[in-house]
Structure formats: structure tokens, C-alpha cells
Amino acid sequence: MSDVVMHVWRGDADGGQFEEYSVPKQDGEVVLDVIHRIQATEAPDLACRWNCKAGKCGSCSAEINGKPRLMCMTRIDTLPEGETITVTPMRAFPIIRDLVTDVSFNYEQARKVPAFNPPPRPEGGYRMSQADVERSQEFRQCIECFMCQDVCHVIRDHEENKSRYAGPRFFIRYAELEMHPLDTNDRRDLVREEMGLGMCNITKCCTEVCPEHIKITDNAIIPLKERVVDADYDPIAWLGRKIRRRTKRTAAEAKVQPD
Amino acid sequence: MSEIEHHDYDVIVIGAGGAGLRAAIEAKGRGLKVALVCKSLLGKAHTVMAEGGVAAAMGNVYAEDNWKVHFRDTMRGGKMLNHWRMAQLHAQESPDRVQELEAWGALFDRTKDGRILQRDFGGHRYARLAHVGDRTGLELIRTLQQRAVSMDIDVFMECKVVRLTTDDNGAVTGAVAYWRPTGEFVTFGAKSVVLATGGVGKSWKFTSNSWEGTGDGHAIAMWAGASLIDMECVQFHPTGMVWPLSVRGILVTEGVRGDGGVLRNSDGKRFMFDYVADMFRAETAESEDEADRWYDDHTAGRRPPELLPRDEVARSINTEVKAGRGSPHGGVFLDIASRRTAEDIRKRLPSMYHQFMELAGVDITREAMEVGPTCHYIMGGVQVDPDTAATSVPGLYAAGEVAGGMHGSNRLGGNSLSDLIVFGRRAGIAAADRVEELARQPKLNQAQVAEYIDEALAPLTRESGENPYDLQHELQELMQANVGIIRNETEVVEALEKLDELKERASNVAVGGGRAYNPGWNLATDLPSMLTVSTCTAQGARDRRESRGGQTREDFPKADPELGKVNFVQRQTAGKGFTSEIEITPEPLPVMPDELMAIFEEENK
């Protein structure tokens, strides 16, 4: 076992500093293993989130050498050998403690999404073709690690934009519902007017950090921008919307009511 | 002590995996005031780790399938130790629950004619698992999470429940918890409490479970007076990763085998043909040719032995490794590369491809995986009424992995996700019914509250003492070595003695730092649950002197028909909390009605 040197940011909302830890590592280990070793030996109160340790739950997001990564999926041997590894909390969210940030912004955005609303279920169940479900299935791979939100420059250094910008994670959620074969809600005006879709200038930073390799920009944001524009300016599309059963409903109206 | 944050609800649900979310949705749908309380962020519960699918006899791929066949498979898989009524309700209701998920936005993979596609899994006679590639658990939790959010259910995230409160009659009145981000305490008063806290696997060294799997629900239920059953029945999933060491135990979905993957030893031999138990011989293929025909057409051959129930496969792998025919890192080979095209593998098993590529540097479309058993699931749990999920404590319900009975001594793959939605819903209904019957909002006993808070804070107040990480590590080593996949009298008795020592030391845990997001303190408050459930498992492993499903005794290698008629039931007697005395007694299984018994008798003709 050789040693690895880590600079880990420690602190809280009032400020903090880097602490240096030099601990042994084993073959094949990931950054989260080393963080756990630091907890078990030198710093039992070092705060970090984690759950599955297999890249499936999206809990252990942090910035490793300045880049948003899942700590459980970042093998030490893929980082420059012999160099200090820097681990910091996600920058776009307020600090709770050490590597743990307050990600409630994302849960608030989730509450604003008008609910999925299918037509009544026909006898024998819904029928959908594989080709039709695949578009939305790509976006439903999202593990909510929120690294796309963290890296998005619209909010990364602009706290003031958070009140009018949903961010990439929720653009793929809106795209998923928009492309869902069964959904009947129309959220296009909402996405344009209140969720700040226009503020995204498609630099693809979100796509680059996505651990699920979802093509956020190409497959969700750009098609969503096109649909929103169509809805707004295309008179035929406008007429179609008026005639078809799609009805615009706000989040409050679309809330599921108790039976 | 300063004023403690307090909330009154009709129903609180502890745990926000599939069962908890489903229960909360049901209760909220009745117009009640409902809170979900969970240890992690919403959407991170262990349900996301479920890969292969959700079992439901919809008959979309094989029209011959129906609830009776599913019921039969489930009971046989559990070696008939299951509560027949739970297995019946589960088999009958899971198709509706899966359809319901679709109406809430879930997008399952499709058949050619546009219905929900179903895949093969161990122990299921027909292709029965509705799935989304190999990330079905994520689909299930996200669908339920989004439904819960759209219903405005209050969610208390990163909030750890340390104890349930009870009144003079023994009924539950609420819970004491703390916020992990701040370390501040919060109390809940509730007419009904639903436990949906999942499993116990974190007490073993090699496990597929996350840090959350510490048996909190099992323990707080027992401390509040509830009884547990069959805690010796622990499932070791046959295929966990074995290398690198850092990922040892991480799950490799049974879907690999369902989709054509086979197990080989170091000689390249498909060894599972050597391990077909009499109970399964009639329905298992005798040759590789016959097994391979089955994948395309289940009428052209019998099932491959790789798809026997998990307990059978896990024990066989263990035997091969012990006989010196293992892989370089102490597992066996799971080969899908030589059997399916690279494109097929990436399409049907995307997260397995990703997981092996990034964590082990293995391309599963070209090489075999190395796999071995990993602690995965506890079949035992809180004893419940099958129809209502009610425990023996009035007002307390339990659903999902924390509840016992449904899976007998061994769970079939795919039956967990369906268990969550079937019994989560039933717990929600029963919890809501009680709310409507109960006139007054329960009041918490403040002396209890103060006692439980002091108990939880104790590790922070000691100047010096035991390191919680060291204790957890020793517990995991002990359970792995002495109460693992193969057990014997000497080792489990020794484990019980050592557990007593660990409990004494756990009474003297000290952690530094403050209360705000302090993982050392959080672990110190998880240790009491871990020690209680580990004791229950070891006691059961000692007293069930036979081999059945998730209980394998090398000194009693056969199933004992007499023991097959009893549950081992555990209750707290003297004392309080994790140092209390636990009594274990065999109690007769509920008797299966004749019309269900006939399903098995027809087969034996």
C-alpha cells in the first residue's frame, strides 16, 4: 500500500480551509474509499454524503481537482500519479459542512414541475412502442447527482439567477415529460417564461459532467428550445395546440388531488 | 434543554424507499396529513440499487403465467417458510401495482406489441420481471418520488429516527429524530407510524447495502415492543463484485444470468449442473444444449441451473471456491461475453457495463466478470398481519424489507420491488384507517423523549471512549466470519458472546466534533440498531438447527420437516434498547388453506 495525499476542504457556512491528509491507498480504490479511511482514522467528523458506492444514487458528488465528479466512481489511479488530490464541495450550492452542500434548490425546482398527466388507462393497459419510450428513457436515467446544476455557469457564479432558472437537470425532466408518449400537460410556456430555458446558451458543460452520459444539451435542451419556439411563433402549431386536447396547466392546477 | 421542534401528523412514514413512498402516497390520497422521514436525501434510498426488475404475473411474454404460478414459485423459493397469505396477496396484486406505476409516469421496456416487457429471473417459471434495462429500482423510486412530490407530501430529509414513543397501553404515539445537517432534535406525534426502513446488510463486511442498511426499523420496532420473525434468514446474493477490494460486494444483477450469462469455474466448466437439488430437478435442464434452447423458447427445454433460486446458486459458488476452483480473486466467472453480442449486452445491461468498465477496468462484452456471494437482503423482519401490515404494537405498521414473512427463508429476485408496492400500499391503507378511527392526536410522553435524546447525545458528551468506526468494523468482521453464508453451532454461539462484549463497548462510544453533519456521531447512533439486529440473526442462526434458504448450517445440512413448520419469533424481555434481553421462541406457521395447498399437490401427482 502506498500513500496518497489529499487536500480536503473543511468548514461550514462561515468559512473554512483545506486540510491535508496523507493516508494509505490500495489498488483499485476510488476517492470515496480514501475519504472513508480518513474518517475512520484521522477525522471521524469529516462530512460527506454517500449511499450506493456504485454510481447509481448520485449522493457523493464533489469537485475533484476542480471538476465535478462522483467520488465513488473516480478511481485514484486515473488521477495524476504522485500529485496531491484536491476535494472540494460543489460550488453552486451553499455549504452545510465540509463536502456536504445544501441542494434544496433542486428539490424546490422539482416541486414546480406540473405533474405527469396521462389519459385514462384503456382496457388491457397502455400500449407504447419501444422506439417511442426510448427518448424519455434516456432522461430517466438521471441519478440526480446535481453535478450538471453545479457546473452550469448560469447559476454557478450567479446566485441571483437561481430564482428564474431551473437548470439542466430540470430541463431534461421537462424534455422527458414533453416527449413522454402518454403525457397530456403542456409545459412549454412555463419552461420558457419561468424556468429560464432561454438563459442556457448551450455550452454543453452539463453534458460533459453527466455520469450517466445523458446527452443533456443535444437530446433535451436543444429539442426543447425548438419546441418552445415553435409553440410561440408557429401559427399552425399554435392553432394545433388550441384544437388538440393538450391543455396548459400550471403546477398548482396540475397537482394531484386526493381522491 | 431548549424548545424541541415538534410536528403533529396523522401518519408518519419512516423510510423513503419504494415501500415508504408507496405507503405515504396511499395515506395522502385519503386526504390525511402525512410526513415522510428519511435518513438520506429523497430519492437515494436503497431501492435505487435494485437492478433486474419487478416481478408481476402479467403474462405479457408467456400468456400461461398467472398469480397461482407466481405464488407457487415464491413459496418454493422461500422453502415454504413464507406466510402463505402474504405470498398470495403479493402474487395477486403486483400486476395492478406495476400498471399503476405506468399511470404515474414510469417507462418500462416494451414488447413488440407495445406492452410491458418481462425478463427471466431465478426461480420464476416464466419471464415475469417488468424492467428498464438494469436500472429498474431507479425507475421505481423516481416514479414514486415524483408522484409523492406532486401530492405535496411533507418530506423530512436527512432526518434520523432514533426511537419510537409509546403510551401506557403500548400503542405508538410518534418518534424522536434528529436532523443530520444540524444535529438538532425533532419529535413527531402521529396516530399511525409506518416503518419502511429497509434492511440490515451493513453489519456484514461484504455487502451490497449502503451505510443506511443498519436495521433501524427492526430495532426501534423491537424496542417499542414489536416481535420479529425469522431473523436468521439472510440472503447472500450469488453475484457481487469481488475485485478490486474496494468494490467487493457491489451487486451484479441476476439479469446477467436471466439474459443468458453463465457461471464457470477455473476449469471453464458450467458447474451449476452439478448442484441441482432434488426439489428443482424436474424443472431444470440436464445439459448445456437443453439449457441454451430454453432462453429463446421456454417450451423447447428446461431452465438453466444458473437460474435456480439465489440461496442455491450462492452456496454452489461458495463450494466451488472452497474446492480450489475459483477465479484469481476468490470468486467464480460470470460469462456473458461469449454468449451475447456486444451490442445486446450494452443495451440490456448498460449499468453493469458501465460499473465493470469504470470500477474494475473490465469490459464485460469481451471478458468474463469475477463474482462471489455478497450479503444482500434479510427475509426475516417485523412480524406483521398480512392484510394490513400491522405489527403487534398498536398504530405501528411495517412494509418492505423491514417486514418479515413474505419471502420465507429465501427471496426470489424481482419479488422485492413488487413487495414494496403491494405492501407499501396496504400499510398506507391500514395506517389511514386507524387515523379515521382514532379520536385524539396522541401526546408524547416527555420523559421518554428526554431519555431518548440523552441516549442519542451520550457519545458526544463522553470525554473519551470507543471509536464507533472501530466497533462497526469489528462487528462486520464478526458477522462475516461467524454468521455468514455457512454457519455452525460453535461459531454462532461465539458470535453471541462477542456481540455481548461489543454491546458493552458500544455503551462507551465517544465521538469528537459537534452535532452538525457529523458522520462519526451518526454512526454512533446507528450502532445500537446494528447490534440488536445482529443479535437477533445470530440467535436465530443458533436455534434453527437445519439448512433452509438463507440459513445454512454445516452441522445440520438438511432441511428438518419439523422446523419447516415454525417461525422463530423474537421479543425484547427485560431491559431497554440495545442492551435488553431478547427471547426467542418457535411458533407454528399459519396453516395454508386447502385450495392453495392444492396448487402444490397437483404438481406432485
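**Domains, a helix pair and a buried loop residue**

In this predicted model, the centres of domain 1 of chain B and domain 2 of chain B, taken over C-alpha atoms, are separated by 28 Å. Domain 1 of chain B is made of two stretches, 5-234 and 376-437, while domain 2 covers 236-375. Where the two domains of chain B touch, domain 1 contributes 25 residues and domain 2 contributes 27 residues. On the domain 1 side of that contact in chain B there are 12 polar, 8 nonpolar and 5 charged residues.

Chain A is also divided into two domains, with domain 1 at 2-101 and domain 2 at 104-254. Their C-alpha centres lie 32 Å apart. The contact between them draws 12 residues from domain 1 of chain A and 13 residues from domain 2 of chain A. The side belonging to domain 1 of chain A has 7 nonpolar, 3 polar and 2 charged residues.

Within chain A, Ile143(A) sits in the loop that links helix H3 (130-140) to helix H4 (147-151). Ile143(A) counts as buried because 25 other C-beta atoms lie within 10 Å, and the cut-off for a buried residue is 20 or more. Beyond its neighbours within four places in sequence, Ile143(A) is in contact with Lys56(A), Cys57(A), Gly58(A), Pro211(A) and Glu212(A), and also with Leu138(B) of chain B. Ala13(A) is 130 residues away from Ile143(A) along the chain, and the C-alpha atoms of the two are separated by 26 Å.

Back in chain B, strand S1 (residues 5-14) and strand S2 run parallel and are joined by 4 bridges. One bridge pairs Val11(B) with Val34(B) of S2(B). Strand S2 of chain B spans residues 34-37; Val34(B) and Leu36(B) point one way, Ala35(B) and Val37(B) point the other way, and all are buried. In a regular strand, side chains alternate between the two faces of the sheet.

Further along chain B, helix H14 (residues 468-482) meets helix H15 (residues 489-506), their axes coming within 10 Å and crossing at roughly 170°. H14(B) and H15(B) are therefore roughly antiparallel to each other, since an angle over 145 degrees counts as such. From H14(B), the contact uses Leu471(B), Glu474(B), Leu475(B), Leu478(B) and Asn482(B). The H15(B) side includes Val492(B), Ala495(B), Lys498(B), Leu502(B) and Arg505(B). By class, the residues of this contact between H14(B) and H15(B) are 7 nonpolar, 5 charged and 1 polar.

Definitions and conventions
Residues numbered from 1 in each chain as written. Chains lettered and ligands numbered in written order. Predicted model: local features only at pLDDT ≥ 70, side-chain atom pairs only at ≥ 80, totals over all residues. Domains from an automatic or database assignment. Contact = placed C-beta atoms within 7 Å. Nonpolar A, V, L, I, M, F, W, Y, C, P; charged D, E, K, R; others polar. Helix = DSSP H or I, 4+ residues; strand = E, 2+ residues; numbered from the N terminus. Buried ≥ 20, exposed ≤ 12 C-beta atoms within 10 Å, placed from the backbone. Axes fitted to C-alpha atoms, helices over the stretch in contact; angles between N-to-C directions. Parallel < 35°, antiparallel > 145°, perpendicular 65-115°, else oblique. Pairing = 2+ DSSP bridges.
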